[in-house]
Amino acid sequence: MLYPIDTETRSVLELGGVWDFCPDADGAGLKAHWESEPWPAVFPMPVPASYNDIMTDAHMRDHVGPVWYRRTVCCPETWRSQQVRLRFGAAAHHALVWVNGRLLCSHQGGFLPFEAEATPLLKFGPDGANTIVVLIDNILDWTTLPPGEVRCAGMDGGAPGAARARQDYFHDFFNYAGLHRPVRLVMQPRLGIEDIRTRVSRDMDDGAARLWVETVTPAPACRVTLADPRGHTVAEGLSHPAAGHACELRVAAPQWWSPGAPALYELKVEALDADGALRDCYRLPLGLRTVRVDGDCFLLNERPFYFRGFGRHEDADLRGKGHDDAVNVRDINLLKWVGANSVRTSHYPYAEEFLRLADREGIAVIGECPAVGLYRFDEQENPVTPIFTDEKAGGELRRHHLDTVRDMINRDRNHACILMWSLGNETATHEDAGVEHFTAVARLARALDPSRPLTIVECNYPRHSRIGGLVDVIAINRYYGWYLDCGDLAAIAEKFHAEIGEWRRRWKKPMLLSEYGADAVAGLHKLPSAMFSEEFQVDYLKAFNRALDAHSFIIGEHVWVFADFATKQGITRIDGNRKGVFTRQRQPKAAAFYLKERWERMRAGKT
Ligand code: GCB
C-alpha cells in the first residue's frame, strides 16, 4: 500500500484538526442513525489523537465501546473526474465510515491504514460540503490483536458498551483509542499506480546494487527512474505486462543505506498509457541495502550489525497514541544523541510517518505486528492457561494475525530502515497449537518477503520455547533482578549465562536481547541504589551489559524502554511503566547518560 503523497498527478487533503465527537455509552448511535441524524451532544476532539486523555472524567478515559467522530470537507471541482480515496492512517480498533450518510467501509485492527474509494459518494466544487462520520469501537476480544476480554462489573450484568463494562487485557500498555493517525482524502488518477514493490540485492562479483522493481497497475507500462541522493539519474527501466510488470535496475558503486549513513535514492515510477503519455506518477524514497543472517552474524550490507537501542511505544502526554511529528522528531533526535542505532516497533506497526523519518535519519527498525498479550505465566514465569484454544487465540484470531502480517508487510516492505520482522511479542510458543499458529504466520511472512530475517520475541525459557526453528534470530525479553530475584543484581549474570548457554545448545542461532530494564521514577535517588531509583536503573543496565558482553553470538541489546509510557492501573505500575530511559516528556534519566557513554564507545569501535 502506497503512502499518500502529492506529485504532479496526485493530491492529498489533510483532514486533521478538531472534529465533532460523541461517546456512545449504550450503542444507541447505530440504532438512531447518527451517521446522518443529529447527536445528543457534541464535544470537540483533536485528530489525530487518542480521545482518552483529552476529556476530564475517568468515565471517558476508561470508556468501553463505540464513540463517534464527524467533520465536513469540501472537494475541489477538479477532482470530479479522478479517483478520490478516503484514507485512515490508523483507527483503534474497529471503524465504520460513512460519507454523506452512506456507508463507505469498515476495518478491523488499530495499527494499520485502510482506505476506500469515495468518489461516488462525494460532492465536488459547488455541489457543497461532504460530511464524514466515523464510528470507532475500542473493544478487545479474542478476535483482535492484541486480544482482551470485556468483563461486566455491574450487578445487573451489562454488555459491552454498558456503563459498567470493563475492558481487561493482557498486554502492558494502555488501551488508547480513537483516530490515531492522519485522515486524508487522496486524489489520484483512475487506472494509476496501485503499488510498487522493491527488493535490493548485491552483485557479489562487482559490488553493484541490483534493484528489482515490480509495479502494480492496470496501465500498459511504467517508466522507472532511479536518482541518487544528489538527484542525478543513475538507472532507468521499463516495466510492462510481458516482463511481469517488473524490471531490474543496476547501480554500480552504490551508496549503501545504513544507520549513520542513510543515503536515500528516489525511485520515480511513471504509469504511461498506450500512447506513452503520462497517466500517473509516484516518488518513493529508497535506501539501497542488503540484510541477512549468516552463522552467528546479522549482516547489513555484508558487514556485522549490532543493534543498540530500545523497545519503544507510540505514547505521549495528552495525545496518547495519537501521531505527532513533534514527538517523533524529538525521539529520533534523542535516539541519535544517546548513540542508539535501532528501535523495535513494540508492540504494533508504527505510523508510516515514523518509518519515513527512520529511513531518512538512519534508524534501523525491527517491525513488529500486534500479536502481544498471548501468554500467561505464574510467579516463577512458567507458562499457565492454554492460549491457542478454540475459544481463544485458536479461532478467528489466527486469521486476523495472518491478515495483519500481510497488511504490515505490504505497507512497509519498501522501507530500508526495516531490517527484520517480529511476528509477535511474548506468546505461548510452548503450546502445540501455538507452534502450528506461528508456523502458518512465519510461512506467510517468508512468502511475502523472503528478503528479511524473521524473529518472534520470546519470554519463554529455552526449555519451553518450541519456535526456534521458525526464526532467524532468537530474541528474548529478560528481567532477572527485577521481576525475579527483586533487586539482586548478582542474579543477573548467573541466570543469564546459564540460560544463554541453553539457547545456544538448542538452536545455534544469533540472539538479540530484545528487552531488559528496570523502572526508575525520575528524581528518586538512593545511595546505595535500590529498586525504582535512577541509580538502580543504571546499576541494573550495567550488570546486564556486563553479562551480555561475554557472548559473541549476541547481535544486539534493546533496553526496555525508550520512554515512560501509560499502562492500565495496577499495583506494579506507578502512573504507568517507568522503565523509560527518558521520561514521558522525553527528558533523560541518569541511565540515558550511562547508555550514551557505552553506545558512543561501541560506535567508535572501542569495545
Ligand atoms: C515485557 C513486555 C513489555 C512490558 C515489559 C515490562 O516483557 O514485552 O510489553 O512493558 O515486559 O515492563 O514488564
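The lining of the largest cavity comprises, by class, six nonpolar, two polar and five charged residues; here Ala, Val, Leu, Ile, Met, Phe, Trp, Tyr, Cys and Pro count as nonpolar, Asp, Glu, Lys and Arg as charged, and the others, Gly among them, as polar. The model is predicted, with local features requiring pLDDT of at least 70 and side-chain atom pairs counting only at pLDDT 80 or more, while totals for chains, interfaces and linings use all residues. Residues are numbered from 1 along each chain as its sequence is written, and side-chain values use heavy atoms, with hydrogens and water left out.

**Cavities**

- The structure holds six cavities of 30 Å³ or more; a cavity is a set of points, on a 1 Å grid over the protein atoms alone, where a 1.4 Å probe fits but cannot get out, and lining residues have an atom within 4 Å of a point.
- The largest cavity has a volume of about 180 Å³, a volume being the space filled by probe spheres set on grid points that are joined across faces, edges and corners.
- Its lining consists of 13 residues, and Tyr3, Leu284, Arg356, Arg411 and His415 lie nearest the centre of the largest cavity.
- At least two lining residues of the largest cavity come from each of β23 (278-286), α4 (352-361) and α5 (396-412); helices (H or I, at least four residues) and strands (E, at least two) are DSSP runs numbered from the N terminus.
- Domain 2 (195-289) and domain 3 (292-603) each contribute at least three residues to the lining of the largest cavity, the domain bounds coming from an automatic or database domain assignment.
- The second largest cavity has a volume of about 110 Å³.
- Of the 14 residues lining the second largest cavity, Glu314, Gly322, His323, Asp324 and Asn328 lie nearest its centre.
- The lining of the second largest cavity has three nonpolar, four polar and seven charged residues.

**Ligand surroundings**

- The ligand is surrounded by 13 residues, of which Asp172, His347, Glu426, Tyr483 and Lys579 are the closest; a residue is near a molecule if one of its heavy atoms lies within 4 Å of it.
- An N or O atom in the side chain of Tyr483 is 2.4 Å from an oxygen atom of the ligand, and for the side chain of His347 the corresponding distance is 2.7 Å.
- A polar side-chain atom of Tyr479 is 3.3 Å from an oxygen atom of the ligand.
- Taken alone the ligand exposes 310 Å², and the protein buries 92% of that; accessible areas come from the Shrake-Rupley method with a 1.4 Å probe.

- The largest pocket has a volume of about 1,100 Å³; a pocket is an open set of points with protein on both sides within 12 Å along at least five of seven lines.
- It is lined by 40 residues, with Asp172, Phe377, Glu426, Tyr483 and Arg573 closest to the centre of the largest pocket.
- β30 (372-374) and β31 (418-427) each supply at least two residues of this lining, and β30 gives the most, with three residues.
- By class, the lining of the largest pocket has 17 nonpolar, 11 polar and 12 charged residues.
- The second largest pocket contains about 730 Å³ of space.
- Among the 27 residues lining the second largest pocket, Pro304, Tyr306, Arg308, Asn341 and Met602 are the closest to its centre.
- The elements giving two or more residues to the lining of the second largest pocket are β26 (303-304) and α9 (590-603).
- The second largest pocket lies between domain 2 (195-289) and domain 3 (292-603), because both give residues to its lining.

How values were computed: A polar contact is a pair of N or O atoms within 3.5 Å; within protein, one must be able to donate a hydrogen and the other to accept it, and residues adjacent in sequence count only if both atoms are side-chain atoms.
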